[in-house]
Amino acid sequence: MAYTISDIRNLALVGHVAAGKTLLAEALLYHAGATRAMGELARGTTVCDSDPLERELQHSTDTAVCHFEWQGRRVNLIDTPGYSELLGRSQAALAAVETAAIVVDATAGIGIATRRMSEAAVQRGLDRIIIVNKIDQPGVDLPQLVAQLQQTFGPECLPINLPANQGKLVVDCFFSREGPATDFSSVEQAHRNIVEQVIEIDADLLERYLGGDESISAEQLHDPFERALREGHLVPVCFTSATSGAGIEELLGLIARLLPSPLEANPPVFVKGELPQVEPVAIVPEPGRHALAHVFKVTIDTYQGRVSVLRVHQGTLKPGMQLFVGDQRKPFKVSHLFQLQGAALQEITTAAPGDLCALTKVDELHIDAVVHDSHDEDHHHLKSPEPVAAMQGIAIAAARHGDEQKIADALHKLMSEDPSLRLEHVPSLNETVLYGRGELHLRVALERMKRQYNVALQTRPPSVPYRETVLKSAEGHHLHKKQTGGAGQYGEVYLRIEPLPRGGGFEFVDAVRGGTIPQQYIPAVEKGVRQVLQTGAVAGFPIQDVRVVVYDGKTHPVDSKEVAFITAGRKAFLDAISNAQPIVLEPIVHLSITAPTTALGGIAGDLSSIRARINAQTVQPDGQAVISVQVPLAELKDYAHRLKALTAGEGIYTTEFSHYEPALPRLQQELVNAYSRRSKEAAES
Ligand SMILES: Nc1nc2c(ncn2[C@@H]2O[C@H](COP(=O)(O)OP(=O)(O)OP(=O)(O)O)[C@@H](O)[C@H]2O)c(=O)[nH]1
Ligand SMILES: [Mg+2]
């Protein structure tokens with residue numbers, strides 16, 4: 001079908017886990033004639049959950065793009081995962097659509113992901129519709145659910161059709177003024193409610209309507225309807241059953257007749273420049289202009305390699321053209337252009353504004369990249385809402401020796417698919433930690449590493465980055481002398497250690513007078529001191545917040561050499577530390593928790609058991625409480641689990657390093673004992 005931009009409808013199906021998004025996409029594709037049969041989730045034959053891991057989990061783990069035609073419209077649908085830990089991927093998809101279709105499970109009600117995705121859609125200025133799915137299920141209280149939707153998302157959530165006959169069919173109430181009996185309000189009443197909401201936005205129509213003009217047609221309502229959607233003045237609610245098919249045709253009609261084309265929705269906000277100096281730029285969705293497209297999804301396919309999925313915002317993409325990524329100087333050449341039907345790539349010859357398309361094997365592309373065909377569009381970015389915090393960490397290491405590079409490559413690919421993953425290397429512990437939004441998120445990532453890249457990883461909980469320091473000043477001395485047989489070694493060092501304030505780092509002062517240690521050996525002394533700084537003295541952690549003053553020593557005309565002063569420096573430093581009351585410091589973090597107020601009591605009780613100091617507690621307008629505390633990082637090992645249990649999965653938290661504090665004496669002792677045990681074992685083996 002040939003189509004123009006005004007025929008395009010781009011929608012993302014978003015919402016709580018298991019609400020039926022994937023099956024709904026399947027039902028829409030089937031009813032629109034894009035597939036010959038309805039696929040089954042259990043058998044992994046749906047268009048959108050085609051990955052073996054998705055079949056195994058029976059949940060979507062990544063977004064999937066598909067398309068169909070209906071009443072002369074070209075509809076692009078993006079199915080997204082509902083697991084709250086995987087919402088990073090879902091949110092990325094919002095950058096590619098005009099409408100967020102929020103799917104709500106009629107039997108389970110509104111979940112946390114529903115709310116988060118609705119907020120994310122509002123932040124992006126998207127139109128929203130709500131699809132209440134699973135209306136075939138017995139005993140669902142739909143009037144009650146609609147009341148809850150209005151409480152949560154506002155009174156502008158109004159039914160555009162109504163279920164009838166116990167959810168066996170769905171009756172339109174926007175285009176029709178009257179209709180058969182339904183499962184809740186009358187068609188007449190629902191029609192009045194939604195039409196009045198739409199008309200409110202247009203002063204002329206409102207006047208006519210209030211004057212009793214009955215002749216206002218559905219066509220006349222089209223433009224104010226679009227405006228009401230754009231301004232969030234109306235959120236239509238419709239009803240479906242993906243299993244029985246009830247409401248599917250009505251939903252298709254709604255998409256074709258009332259949802260916005262790319263020309264009718266709020267334009268995406270592009271900015272030019274780099275933070276903090278960015279200014280908005282206008283991107284015009286016309287096919288003849290410079291080409292500009294935005295990457296909203298990247299997957300690594302076993303056969304195709306890197307598959308990057310883009311939304312074209314301006315100009316036209318064609319095979320053979322040269323494109324730049326971001327501000328890179330060197331272009332890449334588009335060899336083939338595809339559209340996606342789930343995992344299937346279908347070759348196309350052009351992609352114009354509003355279209356979604358895929359490119360393969362372009363390694364420079366990553367999520368959120370902007371590609372364009374002219375340097376005029378260098379430094380253009382799509383303004384994105386704050387990324388979600390990755391809070392659960394797992395330390396990873398190669399299980400097989402020699403796999404390190406392969407793992408680094410695989411991790412790099414993984415993060416370009418999913419920017420909500422974060423990697424941190426802690427040099428002091430020689431530990432690499434992968435952070436994700438939760439256990440499932442990490443599991444999916446690690447599973448991908450194993451299956452797709454065939455790398456074996458060892459995992460364990462990440463270590464806490466403790467530090468060592470001293471409480472008082474002390475002197476240290478060492479004479480390193482080896483003068484029996486062969487070349488001798490001789491170096492003597494006197495030094496002093498002084499505590500610095502917290503955050504003071506390390507200072508090395510050369511206060512040697514009269515050349516008792518010759519200038520050329522001072523760097524060797526410092527090297528010896530720095531060795532201890534790295535490895536620690538009492539518990540194996542790096543030392544910080546100390547000043548070392550080297551002030552005296554002795555040299556030997558023949559046997560003095562660099563290596564002797566390294567050893568003397570190291571041992572003199574260890575000697576000084578042992579006299580300076582060494583202690584272990586532990587990291588304290590700022591922890592900020594957002595959760596429903598109903599969970600506050602439980603959260604506060606739990607916090608008091610983990611040495612947390614509450615700094616502030618506020619309640620936001622949306623009824624969510626925000627608690628800020630300071631807490632030792634060591635106490636947060638399983639916090640993601642605990643908060644999940646305390647808030648029925650509704651709580652989120654972020655952490656940020658604050659400062660170091662002396663660890664409690666008992667913990668100090670444990671860490672020191674563990675270190676001497678480790679050192680002894682190492683010495684024996
Ligand atoms: N009775 C009934 N069951 C449904 C309906 N739609 C989906 N289901 C079932 O609900 C379960 C979840 O469906 P999915 O389509 O995987 O849900 P999802 O929203 O894609 O879930 P995630 O991908 O995990 O976010 C499956 O067992 C479906 O068979 C419906 O309309 N009626
Ligand atoms: Mg799904």
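Me: Two strands pair if DSSP finds at least two bridges between them. In which sense do E16 and E17 pair, and over how many bridges?

Reply: This is a predicted model, in which local features need pLDDT of at least 70 and side-chain atom pairs count only at pLDDT 80 or more, while totals for chains, interfaces and linings use all residues. Residues are numbered from 1 along each chain as its sequence is written, with chains lettered from A and ligands numbered from 1 in the order in which they are written. Helices (H or I, at least four residues) and strands (E, at least two) are DSSP runs, numbered from the N terminus. Strand E16 (residues 337-341) pairs with E17 in the antiparallel sense, over five bridges. Gln339 stands opposite Gln346 in E17. Two residues separate the strands of this hairpin, where Gly342 takes a positive phi near 65 degrees.

Me: Is strand E17 buried or in the open?

Reply: A residue is buried if 20 or more other C-beta atoms lie within 10 Å of its own, exposed if 12 or fewer, and partly exposed in between, with C-beta atoms placed from the backbone. In strand E17 (residues 344-348), zero of the five residues are buried, so the strand lies largely in the open. Of the protein's 685 residues, 43% count as buried.

Me: Which residues come nearest to ligand 1?

Reply: A residue is near a molecule if its C-beta atom, placed from the backbone, lies within 6 Å of it. Ligand 1 has 20 residues around it, and Gly20, Thr22, His59, Ser60 and Gly82 come nearest. Helix H1 (residues 21-31) gives the most to this shell, with three residues.
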